Amino acid sequence: MNINIPYNGIKYFTFAESADFLLQNGDLFGPITIAYETFGKLNDNKDNSILVIHALTGDTHATSGYDMDDSTPGWWDTMVGPAKPIDTNKYHVICCNVFGGCMGTTGPSSINPATGNPYGKDFPLITVKDMVNVQKKLIDHLGINRLKSVIGGSLGGMVALEWAVAYPDILETTVIIASGYKTSPQIVAFYEVGRNAILADPEFADGNYYDGKGPQKGLAIARMIAHITYLSKTSIEDKFGKNLQEDVTEDDLLKFRFGPMFAVESYLRHQGRKFVDRFDANSYLYITKAMDMYDLTSGGATLLDVLTNIKSRTLIISFDSDWHFTPQDSWHLVKAMMNLGKDVTYVNLESPFGHDAFLLENGELERVIYSFINNSKGGK
């Protein structure tokens, strides 16, 4: 373990204390606090930073193992760290909690200074563009004028794409994994069912549940629904099949019983229960809605028009078993960028693990990202 790489734990940056941050909907909002962690050392030229963006329910802790107290696993330990594809011996890695989240960055569970209570549903409707503009404030605060790369998967891929569109002069490279320029109607439908489970929970209390139990049942169901879309048919069959729970016999199948009889049922319930302990229901509502609304072609723009100004070298990665963001979703982006003569590389990787594949150990994914980053200008 290399414990000499600079690591200062979670940090916070607050701005817009006069409520002067302009949201995409035209409203002014503030103050805003960004929670972030950095791994590795910023060089003298301040041009070796990589901004890593987490997915829907992630946090700032992309990697672990930097000091003896850093025992919490990072959500991307396979990819980020000393001598790993995103090498913190070489690069200064930044990971911040997205705007609207509940892991330190201002979101619905944050205190509204005007009332002294959590915002709840008084929190403004936010967009992926708002998330990027908030992150840009952090990058400016750190004195960074050029990013080596912005990298993200799923929601993080949307954020990375929006960075490339909104701030083309800042990025050297962009890596978009298991994502797209919009969310498909099918996935919008799944998220809408999950949101309705939260809204229908009697403990939701119109979003003002912070003094009570909160919509635990609704949030758990929302997580169960979403988690199905993160897996593939193959991964579910290989991992669970129609295996029964250890305490269930074949005779039990003939009885009227709605408890978890199959292993996959128990697994989903476990995922729902543990999610309730770490995530805020309002944040789930707001962030999934931001994902649903994201569409680079909204307002009548064509994809070619929107992508015209991208200047970064771009790597787009999909997984053949992913049906949350399909390879076709990635190909739409790739084809448009190719038609514009952009410097784009596309890789569709084989994996049985569906959408979750980018978070799991995957030697091919690691080699592709390592090669792309280190073969780019200034990467050698």
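Modeller: Let's start with the lining of the second largest pocket: seven nonpolar, three polar and three charged residues.

Biologist: What makes a residue there nonpolar, polar or charged?

Modeller: Its type: Ala, Val, Leu, Ile, Met, Phe, Trp, Tyr, Cys and Pro count as nonpolar, Asp, Glu, Lys and Arg as charged, and the others, Gly among them, as polar. Remember that this is a predicted model: local features need pLDDT of at least 70, side-chain atom pairs need 80 or more, and totals for chains, interfaces and linings use all residues. Numbering runs from 1 along each chain as its sequence is written, and side-chain values use heavy atoms, leaving out hydrogens and water.

Biologist: What makes something a pocket?

Modeller: On a 1 Å grid over the protein atoms alone, a pocket is an open set of points with protein on both sides within 12 Å along at least five of seven lines, while a cavity is a set where a 1.4 Å probe fits but cannot get out. Lining residues have an atom within 4 Å of a point. The second largest pocket holds about 250 Å³ of space. It has 13 lining residues, with Gln 24, Glu 162, Tyr 294, Asp 295 and Ser 298 closest to its centre.

Biologist: And how big is the largest pocket?

Modeller: About 910 Å³, where volume is the space filled by probe spheres set on grid points joined across faces, edges and corners. Its lining has 32 residues, and Arg 223, His 227, Arg 278, Asp 356 and Leu 359 lie nearest the centre. They divide into 16 nonpolar, nine polar and seven charged.

Biologist: Why is Leu 359 called partly exposed?

Modeller: Buried means under 20% relative accessible area, exposed over 50%, and partly exposed in between (1.4 Å probe, protein chains only). Leu 359 has 30%, so it's partly exposed.

Biologist: Then is Ala 178 buried or exposed?

Modeller: Its relative accessible area is 0%, so Ala 178 is buried. Ala 19, at 30%, is partly exposed.

Biologist: What makes the backbone of Ala 178 stand out?

Modeller: Ala 178 isn't a glycine, but its phi is positive, about 50 degrees. Ala 19 isn't a glycine either, and its phi is about 55 degrees.

Biologist: How do you know that the bond between Gly 30 and Pro 31 is cis?

Modeller: Look at omega: for the peptide bond joining Gly 30 and Pro 31 it's about 0 degrees, and that bond is cis.
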